[in-house]
Every structure is written in C-alpha cells, then in structure tokens.
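Please look over the sequence and the model shown below before reading on. The report is meant to be read beside them.

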Amino acid sequence: GIGRTIATYTAVDGVTGEKGLYGYSAFTIQGLAQFLQTFETIRPGLIATLLREHPQLHQTWRFHIDTWCLQSYYPSCGDSGWFAGRAAHYVGVVFRRPATAGGFSLDPSLFTFLWNLYEATGDVAFVQTLFHANDGKLENLPWDLREARPETFQDDVAAVIAREGTAIRLPCVNKTQWHLAILRSGQGRHERALWLDYDSGNRHAHMDGMNLGLFAHGLDLMPDFGYPPVQFGGWNSPRSRWYMMTAAHNSVTVDGQNQKGTQWQPTADSIAATVTLWTDVPGLHAVRASGAILYEQTRQYERTVLLVDVSDEDFYVLDIFRVVGGTDHAKFIGSHFGALHTQGLKLQPGLDFGHETQLRNFSTDPRPAPGWSADWAVEDRYGYLPAKSRLHFRYTDLTSQAQASVCEAWVIAGHYNAMAETWVPRLMIRRTADTAPLASTFVGLIEAHENQPVIKKARRVPLVSANGEPLSDNHVAIEIQLRNGQTDLIMARDVENPLDRPGGCRADELLRIPSWEAQSDGSLVFLRRDAEGRLIKATIGEGRILRHEATVLDTGGQRRVLNFDLQD
C-alpha cells in the first residue's frame with residue numbers, strides 16, 4: 001500500500017506533477033511527509049528503509065529545495081503566488097511550532113522528519129532547511145513531544161550548521177519531468193536565479209510555455225502574475241482568464257492565440273518542449289528548449305537563454321527566441337512595479353493588442369532601430385528591500401525589423417484575495433507578415449543594477465559561413481561592451497533552421513565572425529576579451545573546435561561543452 005502511494009505521489013521528478021509550485025504541487029507531499037513521520041514513530045527506521053526501496057523519495061523533499069531561489073522565492077508556475085510576492089519558507093513540509101515554548105502538540109514533528117531524511121541520505125540541505133524554518137535558531141528544536149533528548153538534537157544540528165553554514169548551496173537544476181530549468185550564480189545579496197518554464201497545460205497550469213523569470217537583488221524582477229484573481233467574477237471571468245493567457249507571461253504569442261493545453265490536463269499529457277542544450281560552467285550558464293509542439297501552426301518555437309557573470313556582483317542575460325509559423329509573433333516582457341523609461345524609441349499612440357488581454361495604453365514605434373532599451377525604475381511596493389534602495393531593470397532589444405510597444409498590464413497588488421487593482425508597465429516586441437510561415441528571431445539583453453548598467457553598448461555583428469557567405473538573421477552573433485572595459489562575444493547558431501533558408505549552414509559547419517577573427521563549429525560560443533583586447537575566457541557548446549586569432553582550442557574530437565579560462 002505505501003509503495004503504491006509513493007509511486008503515485010512521486011512520479012514526476014519526485015512530486016505529483018501538478019503545477020502551482022508552492023501551492024498545489026506541494027500539498028500532496030506535505031501530507032505524505034506527515035504520514036511517513038507518523039509511522040516512523042511506530043516503526044523506527046521506516047523512513048530509511050523506504051528511501052532505500054524508493055530512491056526517488058530523496059528527490060521528493062529536495063524538489064522544493066532545488067526550486068527555492070534566494071531562499072525567498074519560488075517560480076510562480078501555474079496557480080500559485082501573487083504578483084512579485086515572496087515565498088520566504090520552504091514548502092515541502094508544513095512545520096508546526098507551539099505558540100509558546102511551554103506548549104506541545106501530538107502531531108508528528110516535521111523538523112524530526114527532515115533530520116531523518118538527513119540521516120538516511122547525508123544531504124545537509126535538509127538540516128539547513130529545518131534550521132531556517134526555526135528562524136535560524138536552535139531553541140526548542142525539534143518541537144517534538146516524543147524527543148527524549150532535545151538538547152542532543154540541537155547539538156547535532158549545531159554541528160552540521162557550524163560545518164556547512166546556513167546558506168543552502170544550490171546548483172543550476174533542470175527538472176526534466178516537471179519541465180523547469182533554473183540557472184544560478186552569485187552568493188548572498190548578489191545571488192541570482194534565471195528560470196525557464198518550458199511546458200503548457202497540466203493540472204492547475206497556465207498556458208505559459210517558455211515563460212522566463214528572474215530573481216536578483218532580492219526581488220522578483222520578471223514576475224509571473226500568479227494565482228488567477230477569481231475574486232473578480234470566478235474562474236471564467238475576463239480578469240481570471242487573463243492570468244492564464246500566454247500573453248500574460250514573459251513569452252511569445254503566435255497569431256494572438258494561447259498555447260495548446262488546458263488547466264485541467266492530465267499530467268501524462270503535458271505539452272512540453274525538450275531541452276536541447278545545457279551549459280553550466282564557471283561564469284556561463286545556458287539552456288535551450290525546443291517546443292514547436294506548443295502551437296499547432298509552428299515549425300519552430302525555441303528559446304535560448306544565457307546567464308552570464310561579469311563579476312561576483314554583476315551579470316546579464318541574453319535571450320534568443322526563434323519562432324517559425326503563423327503570421328503574427330508578439331513577445332511580451334514585464335518587470336516589477338515601477339516607472340518605465342525608453343531610449344531609442346519614437347513612440348506614438350498605437351493600436352491595442354486585443355485578443356481579450358487585459359492590456360491598455362499602447363504607444364508604438366513601428367520601425368525602431370535595433371539597440372533600443374527600456375528601463376524600469378523599480379518600486380519596492382512590498383518593502384522587501386532596505387530603505388532608499390535604488391534598483392533598475394533594463395531590457396535592450398536587438399531584434400531585426402520588429403515594432404516596439406509600451407503598454408500597461410492589469411494585475412492585483414497583494415495576496416490571492418486582495419482587491420488592489422493596478423496597472424504595471426509592459427513591453428511588446430512584434431513582427432507580422434501577410435503570409436505564413438513568418439520567421440522571427442527575437443534577441444534581447446536583460447540587466448538589473450543598483451548604480452549603473454553593466455552593459456555599455458551591444459550590437460549584432462556579421463556572422464558568415466565557412467566560405468564567407470553572410471548567414472540569415474536566425475543565426476546570431478552579438479558583441480557586448482561591458483562597463484568594466486571587457487568585451488564579450490556570443491554566437492548562437494540556429495541548429496533547427498526548419499525553413500532551410502538561404503544563408504543557412506550545416507549543423508557542424510565552421511562559422512566565422514570576421515570582426516573577431518574567430519570561427520567555431522559550436523552551436524553556442526562565448527568569448528571574453530579584457531580591456532587590452534586579450535582573450536581571457538572561451539566556452540564552446542556542442543562543438544569540437546574554436547579559433548580566435550592565433551589561439552586554437554580543441555575539445556579532442558567530441559562535440560561537447562568545454563570551458564577555457566585563459567587568464568593564467
């Protein structure tokens with residue numbers, strides 16, 4: 001009986017597969033934890049035995065540790081959370097503490113449960129999590145009436161914390177069954193996490209495939225809207241439907257339609273993209289997901305995102321979104337509460353997007369030159385940051401032949417049942433055609449800064465084939481001049497290229513960037529020069545060789561990810 005229960009409840013990366021990351025996806029395993037700890041009191045050693053018989057149980061209560069960002073946020077995938085709101089506590093179990101030190105409870109202690117997981121697995125994150133849940137204190141642990149020697153428990157926890165520290169050191173993770181990738185770097189107040197949700201539909205899901213989010217500088221800087229505001233007329237009301245729409249997410253809509261998938265779709269029928277590239281090396285973290293299945297009319301729907309470290313404190317994000325199919329592609333980008341200012345746009349009153357979205361006040365530049373930018377002066381409405389903090393979120397667009405619009409999106413400020421209606425700034429980058437299939441390559445750079453942007457200047461640079469023929473726009477090469485004097489070059493070839501357009505290339509062909517005297521057969525290439533022009537860092541993704549001027553870097557004949565630090 002227990003075995004069948006575990007198999008059902010842990011089938012998707014250790015959890016049920018329901019969406020609503022810190023709501024519905026946690027409820028079942030919260031109950032399972034309480035159930036197992038109850039039987040552990042009757043039959044000591046049961047949890048250790050079950051972990052040996054069902055190894056995925058380790059991942060069950062790791063899942064909400066691995067997806068906990070900055071120890072303050074969860075990606076708000078599906079029906080959970082609220083706009084830009086924090087989730088300051090681990091939600092894999094429900095910790096209960098008596099109201100006073102002299103109180104008691106007959107409920108099983110989930111502090112003890114996490115310690116049992118630690119003893120069975122050696123995973124110190126379980127100890128750090130229970131310590132965090134007790135407000136970073138040893139006092140009264142484990143809040144367990146059955147614990148005969150609480151002082152010993154506290155000493156054991158103290159020993160682990162003294163050795164490992166309180167911060168949970170989390171790597172980049174890709175939950176391949178749940179379809180969530182999280183790229184991480186930085187530490188402490190400079191920690192950042194970039195996430196990509198690459199499926200649509202499921203129980204309690206939204207049509208949010210390829211939705212992009214960013215946690216940095218202590219805030220949710222690309223918030224999902226969260227739980228639908230059913231308080232405005234029920235689940236089928238316009239306001240509620242808006243929160244579930246593709247256009248309400250940091251993604252691309254095709255022909256104004258929502259992606260395939262419904263909110264009540266069985267887990268086995270989730271409509272998901274496939275991760276086709278994963279790069280995680282010091283200073284560079286990237287994921288590419290391919291999901292033409294998300295729309296009926298698309299032959300390509302692929303997003304590549306890179307989290308690039310400039311220093312321990314500074315970073316930027318490169319976002320490349322390729323879409324082929326239909327006649328109307330609209331990319332939406334939103335950030336926190338705040339005032340939006342643009343540079344490089346000549347905005348005039350524009351037409352609404354329509355399609356029953358809750359968007360208004362469109363101003364549009366029909367033909368902006370690539371390189372325009374939009375800057376949010378972030379308003380810390382919930383008071384999460386220290387007083388007088390000055391934080392900015394900047395988006396720079398390098399998309400060819402696209403119109404740019406600034407608009408406002410309707411959201412609720414506050415918890416699930418709040419009634420505080422407000423409108424927040426939003427960007428729309430749009431390309432249209434008279435006939436299908438339209439092919440678009442959206443290219444954007446994302447930064448967050450407290451003083452000045454980390455990027456000084458960015459531009460697309462020519463990319464040519466081995467015989468010198470210019471490549472089409474779907475193959476991308478970008479030069480990024482940094483404020484510290486360094487310069488980055490990123491090349492990302494279109495490995496799918498479904499239209500086989502003129503100016504295409506073979507998957508293993510050497511591509512050349514003439515302005516850098518560089519060439520590589522990699523699908524992803526990253527180069528960094530110092531202020532004197534010396535090459536100090538190089539990364540090849542899915543390639544064998546990289547040449548830069550007189551430097552030749554070789555992976556040894558295998559197509560793989562390889563990182564070279566050339567500073568020494």
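## Basis of the model

This is a predicted model, in which local features need pLDDT of at least 70 and side-chain atom pairs count only at pLDDT 80 or more, while totals for chains, interfaces and linings use all residues. Residues are numbered from 1 along each chain as its sequence is written, and side-chain values use heavy atoms, with hydrogens and water left out.

Helices (H or I, at least four residues) and strands (E, at least two) are DSSP runs numbered from the N terminus.

## Helices α2 and α4

Two packed helices are described by the angle between their axes and the distance between the axes. For helix α2 (residues 24-42) and helix α4 (residues 56-66), the axes come within 11 Å and cross at roughly 130°. That makes α2 oblique to α4. Axes here are lines fitted to C-alpha atoms, for helices over the stretch in contact, and angles run from 0 to 180 degrees between N-to-C directions. Angles under 35 degrees count as roughly parallel, over 145 as roughly antiparallel, 65 to 115 as roughly perpendicular and the rest as oblique.

The crossing of α2 and α4 is left-handed, a term used if the near helix is turned anticlockwise from the far one by less than a right angle. On the α2 side, Ser25, Ala26, Ile29, Leu32, Ala33 and Leu36 meet Leu57, Thr60, Trp61 and His64 of α4; contact means heavy atoms within 4.5 Å. By class, the contact of α2 with α4 has seven nonpolar, three polar and no charged residues. Ala, Val, Leu, Ile, Met, Phe, Trp, Tyr, Cys and Pro count as nonpolar, Asp, Glu, Lys and Arg as charged, and the others, Gly among them, as polar.

## Helices α6 and α7

The axes of helix α6 (residues 125-133) and helix α7 (residues 150-164) come within 10 Å and cross at roughly 110°. The two helices α6 and α7 are therefore roughly perpendicular to each other. This crossing of α6 and α7 is left-handed. From α6 the contact takes Val127, Gln128, Leu130 and Phe131, and from α7 it takes Phe153, Val157, Val160, Ile161 and Glu164. Seven residues of the contact of α6 with α7 are nonpolar, one is polar and one is charged.

Threonine 152 also lies in α7. With a relative accessible area of 31%, threonine 152 is partly exposed; buried means under 20%, exposed over 50%, and partly exposed in between (1.4 Å probe, protein chains only).

## Nonpolar cores

A nonpolar core is a set of buried Ala, Val, Leu, Ile, Met, Phe, Trp, Tyr and Cys residues joined through side-chain atoms within 4.5 Å. The largest one has 105 residues, and those with the most contacts inside it are Trp61, Phe113 and Leu427. Helix α5 (residues 110-121) supplies the largest share of this core, seven residues. Not counting residues up to four places away in sequence, phenylalanine 113 touches Ala33, Leu36, Gln37, Ile47, Trp61 and Val93.

A second, separate core of 24 residues includes Tyr316, Leu398, Val443 and Ile480.

Leucine 398 is found in the loop between β18 (392-397) and β19 (403-412), and is buried, with a relative accessible area of 2%. Leaving aside neighbours within four places in sequence, the contacts of leucine 398 include Val443, Leu445, Arg459 and Ile478.

Histidine 548 is part of strand β29 (residues 545-548) and counts as buried at 3% relative accessibility. Beyond four places in sequence, histidine 548 is in contact with Trp516, Glu517, Ala518, Leu527, Arg529 and Leu535.
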